[in-house]
Amino acid sequence: MKFYCSRRDLAKALSIVRYGEPRCATVPISNDVLLATDGGRLKLTTCAPEFSITHWVDARVEEDGEIVVSLHDLRQVVNSLPSRSSVALETEGNTLALSCEAVTASFQRIADEFPPAPAIRDAADSVVVEAGDLRLGLKQVTFAASMDDLHPVLTGVLMEFSSSTLKLVASDGFRLSMRHVLLLQPVKHPFSVIVPAWTLEKLMHILARRNETVTISMTSGWMVFTLRDTVLSSKPIDGTFPNYRRIISAIARAHHTRAVINREELLRACKRAAAISADFMRKVRLSVESGRVIVSAVSTESSRGSTVLSADVEGAGIEIFFDARLLIDILSILDAPQVILLVSKPTNPCVIKVPGDEDAFTHVIMPILPNRK
């Protein structure tokens, strides 16, 4: 095998096929990459039992072939090369030789058998979505999934395909995030699947600045996301996702107080309160009153602090406690100038929505009981 490609394209390709950090400690990942010529282009593949990425990059191929080498070592060297250079790669026996201007390096062939990538076949259940819409949905949902691998179902994101909508739902038991994403074509056969959140976080990064469509399909037991030059495949999580519809339906009828407030100001106030709070939960108190919301720290006698924020409030006043970290998480990932807080009583969940986007996005946070330590 012998080919030439730009250092920039090769570095980008290696970054794309590199695995992210799995949320579950039990998820095995591979540290190797398969380089293979494919129709005049270079194909890079990483593959583990539950996850696979293939990416194609333009190259000038002089001799076909393939080799498996250390992804980490190759990526470290390529990233250190001059940014606007050309890279030559050639197999020499059991090594891959790299040359770029004054730099040379070689990488030993990995002798272990490389796991085969999932075979992508035409799937009956296949849908198309805009990359930007899918990325926004994943951004607003994946962070709410659990990191506790003792409850595998909650470490994933429920993806429900029905009519012309993809519904994304994630929950760790303390919060729930739900986003509707518009499909570009109706679903022929409604279906649902639970996909590991960490693989969707990797997909979210791949989708950054992509102005194209994504085809989503279920084939041969794999969930497959196909872009113009990248294919990401993930094994679904077996199990039954909690009945989120019952939760959403119950709280939708219970709101007595509605507050519209500046998102950035509320985020800064929560961060200040969390910094002061000595409680291990970083407990903060939101006091909703006529025309304002007061965010205050719950701490020791010697440390106190509060922020008074203007708000458009409808309904009775209420005092409710939260884990500040949960509020900070959701307020950080939203881009809207304002958020809507919907509350009923101190022991009931709080719903956060975005003005003008109420039907598409819902976030639910469980409160902390006032006397809980």
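The legends below describe close-up views of a predicted model.

**View 1. Tyr19, Phe51 and Trp198 form one aromatic cluster.** The structure holds three aromatic pairs, and one of them joins Tyr19 and Phe51, whose ring centres lie 5.1 Å apart with the planes at 50°, so this pair is tilted. Tyr19 belongs to the loop between helix H1 (7–17) and strand E2 (32–38), whereas Phe51 belongs to strand E4 (residues 51–58), and the pair thus links parts of the chain that are 32 residues apart. Tyr19 is buried, with a relative accessible area of 4%, and Phe51 is likewise buried, with a value of 1%.

**View 2. Phe51 also pairs with Trp198.** The centres of these two rings are 5.1 Å apart and their planes meet at 45°, so the pair counts as tilted. Because Phe51 lies in strand E4 and Trp198 in helix H4 (residues 197–206), the contact ties together parts that are 147 residues apart in sequence. Both Phe51 and Trp198 are buried.

**View 3. Charged side chains sit over the rings of Tyr4 and Phe321.** The charged end of Arg60 is placed over the ring of Tyr4, at 4.3 Å from the ring centre, while Lys283 lies over the face of Phe321, 5.8 Å from the centre of that ring.

**View 4. Cys100 is a buried cysteine without a disulfide.** A search of the whole structure finds zero disulfides. The cysteine sulfur closest to that of Cys100 belongs to Cys5 and is 9.7 Å away, which is too far for a bond, as a disulfide needs the two sulfur atoms within 2.5 Å. Cys100 has a relative accessibility of 1% and therefore counts as buried, and Cys47 is buried as well, at 2%.

Terms used: Residues numbered from 1 in each chain as written. Predicted model: local features only at pLDDT ≥ 70, side-chain atom pairs only at ≥ 80, totals over all residues. Heavy atoms only, no water. Buried < 20%, exposed > 50% of the residue type's maximum accessible area, 1.4 Å probe, protein only. Phe/Tyr/Trp six-rings, centres within 6.5 Å; stacked < 30°, edge-to-face > 60°. Helix = DSSP H or I, 4+ residues; strand = E, 2+ residues; numbered from the N terminus. Lys NZ or Arg CZ within 6 Å of the ring centre and 35° of its normal.
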